[in-house]
Each structure stands twice: as structure tokens, then as C-alpha cells.
Amino acid sequence: MTTVDTPAAAGIAPALRQLYLVRFAFAIVWAVLVFATKSELGALGIALVVIYPLFDVAAAVWDSRSSSDNEQVRSLQFNIAISLIAAVGLAIAGASGVPAVLRVWGAWAIISGIVQLIVAVKRRAMGGQWPMILSGSISVLAGANFVASASGTDPKLSGVAGYAVLGGIFFLVSALRLGRAAKES
């Protein structure tokens, strides 16, 4: 059984649940827009790949304001910096084509996946974090795949849309588990 075992965890769980639901909705809408652009790197495609890490920045700011654990906040601040760098890198890479975008996206997915994994492991006692642990681990693997696929023939951005959908599903599952943990405590 997953439970919220500390007052601090009980205080952050509702904020995390709300954040995770927002992240789920954003990921789904974003992925639909990427698929609608046929994964091409026109102005809208470049804007979309830049917006995703910027949304990650906003989510990490929201998360860090909800957390009272300084170690988690430092990890989230690191993720903010990495996501800002990724957004700039993706804007620049967009001018070079899909392979460059996939390389930057892949590097960002690896690093942010590691951060997500670290934060989720530290939060596992509050419940609802196993999906985040899995998501962080899969992000690292997916990032390596994006980097590798950038060198393939005819690389596509559709993989990043699938990545967002899967991540969104993990956020939804975690939000539901956090809600159930709060009711059980």
C-alpha cells in the first residue's frame, strides 16, 4: 500500500497531483500539435520543440515552490537550467534540421530524465512516484535513442511526440496514485 507518511509529504502531494494533471494535458495537446504539423520543422515545428522544454521550466518552478526539501529544490533548479539551455539549443538546432533537433532533444531527455529519476526516488515515500521513477528511466533510454536516430536515414520528429504522450501518461498515473495515497492517509 502506498501512503503519505509525513506532514511535509502530505502538504506537497496535492500540489504535485495538480501539476501532474496539468503536465499530462499539456503533453497530449503538444503531441497532437506535433503530429498535426506532420513533424516538420517549419516555424510552428520549431516553436513547438522550443515550447516543450520551456513548459518543463515552468513546471519545475511550480514544483520547486511546492517543495520544502532543499535537496529536491536544488535538483529542480538544475533541471530548470538544463531545460532553458535545451530550449535555446533547440531554437538554434531548428535551423540545421531534424537531426540536430533530435540530438539536442536526446541530450536534454537524458539529463532531465536523470533529474526526474533522482527527485522521484527521494519522494517515493509519499506515494505515486513509481510512475515518475519509470518515466525518468525511460527518458534516459529514449534520449539515447533520439541521439542515435538522428544519424539514421530520414529522421523524424514523430518520436518526440510519442515520447511526450508516454511521459504524459506517466504523469496521469502518478497523479491518480497521489490522489489515492492522500485518501488512504
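Start inside. Select Trp30, Tyr52, Trp105 and Leu157: of the 30 residues in the largest nonpolar core, these touch the most other members. Such a core is a set of buried Ala, Val, Leu, Ile, Met, Phe, Trp, Tyr and Cys residues joined through side-chain atoms within 4.5 Å. Buried means under 20% relative accessible area with a 1.4 Å probe, protein chains only.

Now colour the helices (DSSP runs of H or I, at least four residues, numbered from the N terminus). At least two residues of this core come from each of α1 (7-36), α2 (43-66), α3 (70-93), α4 (98-123), α5 (130-149) and α6 (158-184). The most come from α4, which gives seven.

This is a predicted model: local features need pLDDT of at least 70, side-chain atom pairs count only at pLDDT 80 or more, and totals for chains, interfaces and linings use all residues. Residues are numbered from 1 along each chain as its sequence is written, and side-chain values use heavy atoms, leaving out hydrogens and water.

Next, centre on Leu157. Which residues is Leu157 in contact with, leaving aside its neighbours within four places in sequence? Select Val34, Ser39, Glu40, Leu41, Val49, Val98, Val101 and Leu102. Contact means heavy atoms within 4.5 Å.

Move to Ile12, Leu19, Phe170 and Phe171. They are among the 14 residues of a second, separate core.

Zoom out. The protein has six helices and zero strands. Its C-alpha trace spans about 50 × 30 × 25 Å along the principal axes. Finish by showing the buried residues: they make up 47% of the 185 residues.

Conventions. Buried < 20%, exposed > 50% of the residue type's maximum accessible area, 1.4 Å probe, protein only.
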